[in-house]
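Hi everyone, thanks for coming.

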Amino acid sequence: MPPLRAVWAVAGAALCCALIFLIHSHFLKEGQLAAGTCEIVTLDKDSSQPRRTIARQTARCACKKGQIAGTTRAKPACVDARIVKSKQWCEMLPCLEREGCNLLMNKSGWTCTQPGGRIKTTTVSSGIQFTN
């Protein structure tokens, strides 16, 4: 009888997995993001200038109420909308863990200073789109 129990256990597990997949796919249609998550849509890099790389990134986010697309630890993330509205960029922790963050004078972005002194500058364009 134990082999029969094993067959039933495997069949039950397979059925549970199938049900979870169906429920998940019903609530999260193809192309939709889970609430509170982001994905990079485009990333263009230009290294034609010496000692400088210009990168432009477009992200798509499905943020929860009170949040907006931003950057945390150098990756797109949903952040408190208050941070973006007040342009206090360093509050969203945009730099990597060992880097220091400083606002640009005109609040158009921030710099991340690495321990070796290398500086990465990020400026924000207001190409924010809202979709339902």
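Let me start at Cys 90, which is partly exposed at 23% relative accessibility; buried means under 20% relative accessible area, exposed over 50%, partly exposed in between, with a 1.4 Å probe and protein chains only. Before I go on, this is a predicted model: local features need pLDDT of at least 70, side-chain atom pairs count only at pLDDT 80 or more, and totals for chains, interfaces and linings use all residues. Residues are numbered from 1 along each chain as its sequence is written, and side-chain values use heavy atoms, with hydrogens and water left out.

So what does Cys 90 bond to? Its disulfide partner is Cys 101, with the sulfur atoms 1.9 Å apart; a disulfide here is a pair of cysteine sulfur atoms within 2.5 Å. The link is left-handed, with -80 degrees about the S-S bond. Cys 90 sits in the loop between α2 (81-86) and β5, and Cys 101 in strand β5, so the pair ties together parts 11 residues apart in sequence. Helices (H or I, at least four residues) and strands (E, at least two) are DSSP runs, numbered from the N terminus. Cys 101 is partly exposed too, at 26%.

The count comes to 4 disulfides. Another one joins Cys 63 to Cys 78, S to S 2.3 Å, and Cys 78 is buried at 14%.

Finally, confidence: pLDDT is the predictor's confidence in each residue, from 0 to 100. The chain averages 77.
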